[in-house]
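Have your viewer ready and try each task before reading on.

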Amino acid sequence: MKRGESCLILGKPVGMPAAEATSHHPVTFNVGLAMVCQQLMTNSLMKDPNSMARPARPRNAEATRAAILTAARDCFSHESYDQVGIRDIAQKAGVDAALICRYFGSKEDLFKLLLARPDKPLEIIEQGREGLSARVSEMVASKSGDPEAIEDLLIMLRSASSKTAASLVRDTMVKRFDEPIARLLEGEYPALRARLMGSVIIGLIVSEIIRGPWDGNGPVPDDFLQRIQDLVRLSIKEFQPGGEAADAG
């Protein structure tokens, strides 16, 4: 053995002294290490055949967390809660599935965080009552609308029928939409009117999901957005005795 060369002894007979085993069964460290690495790689691929396909990510907790959230939003906006698994999210994010549990606890906890969106309140509500119907029409029917707000609603709609996620979706709709809108409304039945407005929005979005963009069959009329504004405005008008309604913004 050359000076300075390490040695890995493999297959030493039971009871044979190490020195004797070295003289009879020398295997260089480099060869042995290659065998061990090959076996570890084989075992890893058997456990997760997609591991080699995942792109390498820098070891940065903030970047990893952000990648997981982005991947989860994409998964849940295309599939229901029950159809998305931890491994699906991990593969799309390019991380190990164990990191999702480390950063978020569970799939349910991650889904709750996506629904709550503490980092991004709905701008159409945050800007107040004035111009509310115009902002809503822009959001649901204009190409210049807020795509993330639409994606938030898609995540809720996709999982609304899930036994596990349905209650989470209902609670989120009330807390993120109905209650803030109701606080903007004056007069009686603010919660009912807020829910009615939400139903109009959901109906418009569902129609676009099922049938495609509003302008898919050709240009829409110039007053198309105005018509949607009228629908939204009507939904939150204050109820009055005798069927008359006060105007709303």
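This is a predicted model: local features need pLDDT of at least 70, side-chain atom pairs count only at pLDDT 80 or more; totals for chains, interfaces and linings use all residues.

**Exercise 1.** Find which residues are linked with Arg-73 in a network of salt bridges.

*Solution.* Start from the criterion: a salt bridge is a side-chain nitrogen of Lys or Arg within 4 Å of a carboxyl oxygen of Asp or Glu. The network joins Arg-73, Glu-151, Asp-152 and Arg-176. Next, take the pair Asp-152 and Arg-73, whose closest N and O atoms are 2.8 Å apart. Asp-152 sits in helix α9 (residues 147–159) and Arg-73 in helix α3 (residues 61–78), so their contact ties together parts 79 residues apart in sequence. Helices here are DSSP runs of H or I with at least four residues, numbered from the N terminus. Finally, both Asp-152 and Arg-73 are buried, meaning under 20% relative accessible area, where exposed is over 50% and partly exposed lies in between (1.4 Å probe, protein chains only).

Residues are numbered from 1 along each chain as its sequence is written, and side-chain values use heavy atoms, leaving out hydrogens and water.

**Exercise 2.** Characterise the salt bridge between Glu-108 and Lys-112.

*Solution.* First, the distance: N to O is 3.9 Å. Second, the spacing: the two residues are 4 apart in helix α6 (residues 107–116), about one helical turn. Third, the accessibility: Glu-108 is partly exposed at 31%, and Lys-112 is partly exposed at 37%.
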